[in-house]
Amino acid sequence: MEFFCYHRDRPDSGKLRDELLEDHWSYMDGYAAEMIARGPTLTDDGETATGSVHILDLPDPATARAFAFDEPNYQAGAYRDVLLRRWRNLLGRTMWDFPGGRTGGNRYLVLGLGSGEAVDLVVPRDRDELIAYGPLLSDDGATWLGTAVLLRAPDPDTARAVLTQDQYADIEVHDWYFGGRS
């Protein structure tokens, strides 16, 4: 089962995150084999973390919840909330398989939060800039709750346009970077 996890930072948690960086990475190293994608969201200037994205293949919802809530930054209070949803990997690859590589261009997390009938369940034709793409689902995988996308795009508006605009309660766009150890 695949899961999308987005820990959102508390305001002014940067110092605490810096103190816990090695703990965070060591924790994530324990899930390296399960990782589909990972990385921080940052402010527009790229200087301050605003959150942390992890997409993983885990055995069940209980294991996913343990992953999300045992994470060192969460335990220390660096995060204000956690979005944890089942997810389906429509690209069938990890971020490390992205043909565009780890660097170059602007990278974004686009979250479309559902408000009704499921949309965007098919990968767009122009998939060359997609790093990860898939629906957000209920714990049992039966109900569509939105769509999560990692992609390379020239600007936030272009990134947002990957989703059907009028079919979501809200669409968030965050600057995102490939995560993990260098």
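Q: Leaving aside neighbours within four places in sequence, which residues is G146 in contact with?
A: This is a predicted model. In it, G146 is in contact with G112, L113, G114, P135, L136 and Y168, once neighbours within four places in sequence are left aside.

Q: Which strand does G146 lie in?
A: G146 lies in strand β7, which covers residues 144-153.

Q: Is G146 buried or exposed?
A: G146 is buried, because its relative accessibility is 0% and buried means under 20%.

Q: Let's zoom out. How many helices and strands does the chain have?
A: The chain has 5 helices and 8 strands.

Q: What pattern do they follow along the sequence?
A: Reading along the sequence, you get β-α-α-β-β-α-α-β-β-β-β-α-β.

Q: What about overall size: what box do the C-alpha atoms fill?
A: The box is roughly 40 × 35 × 30 Å, taken along the principal axes.

Q: And how does the radius of gyration fit a compact globule?
A: The chain has 15 Å. A compact globule with 182 residues would have a value near 16 Å, so the two agree.

Q: How much of the chain counts as buried?
A: Of the 182 residues, 47% count as buried.

Q: What does the accessible surface come to?
A: About 8,800 Å². Carbon and sulfur atoms account for 47% of that surface.

Q: Back to contacts. Among those between residues at least 6 apart in sequence, what share joins residues at least 24 apart?
A: That share is 75%.

Q: Now L56. Where is it found?
A: L56 is in strand β3.

Q: Buried or exposed?
A: L56 is buried, because its relative accessible area is 1%.

Q: Which residues is L56 in contact with, leaving aside neighbours within four places?
A: L56 is in contact with M1, E2, F3, Y31, E34, M35, I36 and F67.

Q: How far is L56 from I36?
A: L56 and I36 are 5.2 Å apart in space, C-alpha to C-alpha. In sequence they are 20 residues apart.

Q: Which lining residues are closest to its centre?
A: Of the 20 residues in the lining, R17, L21, W25, P40 and A49 are the closest to the centre.

Q: Which elements give two or more residues to that lining?
A: They are α1 (14-19), α2 (21-29), β2 (35-42) and β3 (49-57).

Q: Which one gives the most?
A: β2 gives the most to the lining, with 4 residues.

Q: What classes of residue line the largest pocket?
A: The lining has 6 nonpolar, 9 polar and 5 charged residues.

Q: What about D12?
A: D12 has a positive phi, near 60°, and is not a glycine.

Q: Where does D12 lie?
A: D12 lies in the loop between β1 (2-9) and α1. D12 counts as exposed, because its relative accessibility is 82%.

Q: And what is phi for D120?
A: D120 has a positive phi of about 55°, although D120 is not a glycine.

Q: Where is D120, and is it buried or exposed?
A: D120 is in the loop between β5 (106-114) and β6 (130-137). At 14% relative accessibility, D120 counts as buried.

Notes. Residues are numbered from 1 along each chain as its sequence is written. This is a predicted model: local features need pLDDT of at least 70, side-chain atom pairs count only at pLDDT 80 or more; totals for chains, interfaces and linings use all residues. Side-chain values use heavy atoms; hydrogens and water are left out. On a 1 Å grid over the protein atoms alone, a cavity is a set of points where a 1.4 Å probe fits but cannot get out, and a pocket is an open set with protein on both sides within 12 Å along at least five of seven lines; lining residues have an atom within 4 Å of a point. Ala, Val, Leu, Ile, Met, Phe, Trp, Tyr, Cys and Pro count as nonpolar, Asp, Glu, Lys and Arg as charged, and the others, Gly among them, as polar. The radius of gyration is taken over C-alpha atoms; the globule rule is 2.2 Å times the number of residues to the power 0.38. Buried means under 20% relative accessible area, exposed over 50%, partly exposed in between (1.4 Å probe, protein chains only). Contact means heavy atoms within 4.5 Å. Accessible areas come from the Shrake-Rupley method with a 1.4 Å probe; for residues, only the protein chains shown count as cover.
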